[in-house]
Amino acid sequence: MYFLKLKNSILGKIYIKKKDVYFKYSTDEQWTGEYWIDGKKIYCKVVYVSGFTKDKYVAHNISNLHRILSCDLFVMFNDGTNHMMPRAHKDNDHDGISVQVTKTNLILQVGQSNGFADVTGYAILKYIKTN
């Protein structure tokens, strides 16, 4: 305790803002406790995705979206097999997937020879807002 009093008398009070170590992922938008390099708050939201055999558009319902910092997408098949997305070999005939995020949608673009009709999964979006 003496050390803290001495430090405070020399340096003044120092406040350190830490990230919440008990952060819980949610389908509701939430501030992560982190800031981007320009000082804007970083937000996180989980978006549910399910079966698709062609391009899939899923509304993410994020207002004032400025920039996506990361999109971690993972799906599970009915047999319990897990896949991380995107699958890099997306083309017009194979089963790869390309992932895009627009101002309104999470878009999964798939090749024609895909087998994703029975998958369910989640996209974890981290982003900054315009204001």
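Reader: What makes E2 and E8 count as a pair, and in which sense do they run?

Author: This is a predicted model, and in it E2 and E8 pair in the antiparallel sense over eight bridges. Two strands pair if at least two bridges are found between them, so E2 and E8 qualify. Within this region, Ser50 stands opposite Thr120 in E8.

Reader: Why do strand E1 and strand E5 stand at the edges?

Author: The open sheet has five strands in the order E1-E2-E8-E4-E5, with antiparallel pairing. Strand E1 (30-35) and strand E5 (82-85) each have a single partner strand, so one side of each lacks a neighbour in the sheet. From one strand to the next, the twist averages 25°.

Reader: How do you know whether Thr32 is buried or exposed?

Author: Thr32, which lies in strand E1, has a relative accessible area of 3%. Buried means under 20%, so Thr32 is buried.

Reader: Which residues touch the most other members of the largest nonpolar core?

Author: That core has 20 residues, and Val49, Phe52, Ile97, Leu106, Leu108 and Phe116 touch the most other members. Strands E2 (41-50), E4 (65-76), E7 (105-110) and E8 (120-129) each supply at least two residues of this core.

Reader: What is Phe52 in contact with, leaving aside its neighbours within four places in sequence?

Author: Beyond those neighbours, Phe52 is in contact with Ile97, Leu108, Val110, Asn114, Phe116, Ala117 and Val119.

Methods: Residues numbered from 1 in each chain as written. Predicted model: local features only at pLDDT ≥ 70, side-chain atom pairs only at ≥ 80, totals over all residues. Heavy atoms only, no water. Core = buried A, V, L, I, M, F, W, Y, C linked by side-chain atoms within 4.5 Å. Buried < 20%, exposed > 50% of the residue type's maximum accessible area, 1.4 Å probe, protein only. Helix = DSSP H or I, 4+ residues; strand = E, 2+ residues; numbered from the N terminus. Contact = heavy atoms within 4.5 Å. Axes fitted to C-alpha atoms, helices over the stretch in contact; angles between N-to-C directions.
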